[in-house]
Amino acid sequence: MSAAAVLAAGATSASAASVRFVRIGGVKSAGTPARYDRVGILQVGSAKARNVLVLNPGTSASAAYFQPLAKSIVAKAPGWQVWAVERRENLLEDHSVLDRAKAGRATPQEVFDYYLGFLKDQSITPHVRLIADAEVAYAKGWGMATEIGDLRRVVLRARKLGGKVVLGGHSLGGTITTAYATWDFGGVAGARGLSGLVYIDGGSSPDPLAKDDATKRLADLRAGSPWLSFGGIPAPFSGIFNSTGSLSVEVAPDDPSLGQASGLLPADIVPPVPVTNAGEYGFALDTGTSPASLIAAQAHLGRLAATGDPRGWDDAGELTPLKRFADMFSGWGLKGLDGTAWYHPLRLTIDAGAVADGNANPAQKVLGVRATHGDDLPRSLRMYAFGAALGGKRVLDATRALARQSHIPSRRLVLVDRHTTYAHNDPNSATPARNDFLKRLVPFLSSVAKDRR
């Protein structure tokens, strides 16, 4: 499907930052149809701002996931744009009925039936087409080399603006950030074109995947599905659950939950009492009630309302308002985009284990990873690492190790550990007035902007 335009663009107020979406040519990946050799960029902020923060989404996430945070960043740092990367796998998604619902032309029931209801009622037609693994076997090659090739085109485009470029990412996006910074581009580290790195509860462990393990995982991939099963839920359903659930919070938060009534949702994310759409979505992903298998999707969202039939949702003064979380994952205000990746390439996750803070190792040779300049980064580089519940102190330790390898002075590092108070997604979704990640990011970007080249 084609890349779609942004519904609202060109606004200039801090609360409605300019938002644009473009898709550009990516690197050629063996066997991949040309229409999928493309990478998208969600651009937030004034087009006149020369400095760019490029953000990479994590596992099973996509560009729209960063939209609320990006708007908050550019409101506080108007000399910056935020560019969120939309990876190629999202071109496989069918947003047709989601887009109609965002425009007020499809009901919640129509959305549910198209994406999920047909699984129990085969008379429902038309409905989303589930893509067979055999149709997309070429996606088994969408690993780190493909991702870095696509990202290279985004970074070079940002550099043409003539300002500073900072590269960052959340979760797996942190590992991608290290991979790019240490990647061998004709004998030169990728970081040579960057002014800073940002790690949001993710990064590269200095310890590499063992060669034998890399060989086995690659063999298993070749014999199996191209896609990762997120939280034990196979593709594309974790993405569909999240996209439709978050959208229901936007368009019908107080209606009885269609998902709860359907019997299609995993039992461990269904409340024991009747709930609204907002109640179901919050219960499924709040730290207090969401299952451990979904830790990578959680935030501090609140709790079920104490009364009501069906029960609604109470934000309860938590870090992340449920509406903001739903904005993030539904891609509210955007056409053809949501905050999830329905199909996440397993090869990308396998390859991430070989990055090893940019140090050459046997697994890299097996997997074709070229992140070898871990001791050759510019000493002027600034780094900001924020540890939350999933990465925690390990993210800070990996950042320190990366800096130490290249003799980057400790004064150029900002390290914040909030693993006891921030869930994995809170740094991106917390309300701006209380967001510790945002509070430290803005002065970090200011320092980068003031640095000499």
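1. His344, with which this note on a predicted model begins, is in contact with Thr59, Ser60, Arg87, Glu89, Leu172, Pro226, Trp227, Leu228 and Thr349, once its neighbours within four places in sequence are left aside. His344 belongs to the loop that lies between helix H10 (322-330) and helix H11 (346-352). Is His344 buried or exposed? Its relative accessible area is 1%, and because buried means under 20%, His344 counts as buried.

2. Helix H10, on one side of that loop, is mostly covered, since eight of its nine residues are buried. Those buried residues are Leu322, Arg324, Phe325, Ala326, Asp327, Met328, Phe329 and Ser330, and they pack against helix H1 (67-76), helix H2 (96-102), H7, helix H9 (277-285), E10 and helix H14 (426-429). After H10 comes Gly331, which has a positive phi, near 65°.

3. How many bridges join strand E9 to strand E10? There are three bridges between E9 (residues 303-308) and E10 (residues 311-314), and the two strands run antiparallel. They form a hairpin with two residues between them, and in this pairing Arg303 stands opposite Asp314 in E10.

4. Two packed helices are described by the angle between their axes and the distance between the axes. For helix H3 (residues 108-115) and helix H7 (residues 237-251), the angle is about 175° and the axes are 11 Å apart, which means that H3 is roughly antiparallel to H7. On the H3 side the contact is made by Pro108, Val111 and Tyr115, which meet Ile240, Thr244, Leu247 and Val251 in H7. Sorted by class, this contact holds six nonpolar residues, one polar residue and no charged residues.

5. A second pair of helices is arranged as follows: the axes of helix H4 (residues 144-159) and helix H5 (residues 172-182) come within 10 Å and cross at roughly 75°, so H4 is roughly perpendicular to H5. Met144, Glu147, Ile148, Leu151, Arg152 and Val155 in H4 meet Ile176, Ala179 and Tyr180 in H5. This contact divides into seven nonpolar residues, no polar residues and two charged residues.

6. Val54, a residue of strand E3 (residues 51-56), is buried, with a relative accessible area of 0%. Although Val54 and Val85 are 31 residues apart along the chain, their C-alpha atoms are separated by 7.3 Å. Apart from its neighbours within four places in sequence, Val54 is in contact with Trp83, Val85, Leu151, Val154, Ala158, Val165, Val166, Leu167 and Gly168.

7. In soluble globular proteins, nonpolar side chains tend to be buried together. Here the largest nonpolar core has 89 residues, and those with the most contacts inside it are Leu42, Leu53, Tyr115, Val198, Tyr384, Leu441 and Phe444. Which helix gives the most to this core? That is helix H15 (residues 436-450), which contributes seven residues. Leu441 touches Leu53, Ile73, Val198 and Tyr384, when residues up to four places away in sequence are not counted. Another core, of 50 residues, lies apart from the largest one, and includes Val165, Ala179, Ala189 and Leu367.

Key: Residues numbered from 1 in each chain as written. Predicted model: local features only at pLDDT ≥ 70, side-chain atom pairs only at ≥ 80, totals over all residues. Heavy atoms only, no water. Axes fitted to C-alpha atoms, helices over the stretch in contact; angles between N-to-C directions. Helix = DSSP H or I, 4+ residues; strand = E, 2+ residues; numbered from the N terminus. Parallel < 35°, antiparallel > 145°, perpendicular 65-115°, else oblique. Contact = heavy atoms within 4.5 Å. Nonpolar A, V, L, I, M, F, W, Y, C, P; charged D, E, K, R; others polar. Buried < 20%, exposed > 50% of the residue type's maximum accessible area, 1.4 Å probe, protein only. Pairing = 2+ DSSP bridges. Core = buried A, V, L, I, M, F, W, Y, C linked by side-chain atoms within 4.5 Å.
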